[in-house]
Amino acid sequence: MYAPYQRAGASKRTLSNTRGCHTHTDFNRSFTNGQTIKYRVCVKVALEPDNCSAWKWDTTG
């Protein structure tokens, strides 16, 4: 599972959880308050396109 995200005016980054299904991973990112950010969650699928949610928009803070 992985989560691509992008802050306004910045390049796209990806957070990865390599622990497998039915697990979670916490990430602590220091963002300036009030920034626009978009993100989605994807699951890698062997030999098929990855299964990803729609992009979500939020504001940091």
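**Exercise 1. Find which residues form the nonpolar patch on the surface, and what accessible area they have together.**

Solution. Start with the rule: a patch takes residues with over 30% relative accessible area and no salt bridge, joining like charges within 9 Å and nonpolar side chains (Val, Leu, Ile, Met, Phe, Trp, Tyr) within 5 Å. A salt bridge here would be a side-chain nitrogen of Lys or Arg within 4 Å of a carboxyl oxygen of Asp or Glu. Apply that and you get M1, V41, V43 and V45, with about 290 Å² together. The areas come from the Shrake-Rupley method with a 1.4 Å probe, and for residues only the protein chains shown count as cover.

Before going on: this is a predicted model, where local features need pLDDT of at least 70 and side-chain atom pairs count only at pLDDT 80 or more, while totals for chains, interfaces and linings use all residues. Residues are numbered from 1 along each chain as its sequence is written, and side-chain values use heavy atoms, leaving out hydrogens and water.

**Exercise 2. Work out where V45 and L47 sit.**

Solution. V45 lies in the loop between β4 and β5, and L47 is in the loop between β4 (42–43) and β5 (51–52). Strands are DSSP runs of E, at least two residues, numbered from the N terminus. Next, L47 is exposed because its relative accessibility is 90%, where exposed means over 50%, buried under 20% and partly exposed in between (1.4 Å probe, protein chains only).

**Exercise 3. Find which cysteines form a disulfide.**

Solution. Look for cysteine sulfur atoms within 2.5 Å. C42 belongs to β4 and C52 to β5, ten residues apart. Finally, C42 is buried at 0%, whereas C52 is partly exposed at 28%.

Note on methods:
Helices (H or I, at least four residues) and strands (E, at least two) are DSSP runs, numbered from the N terminus.
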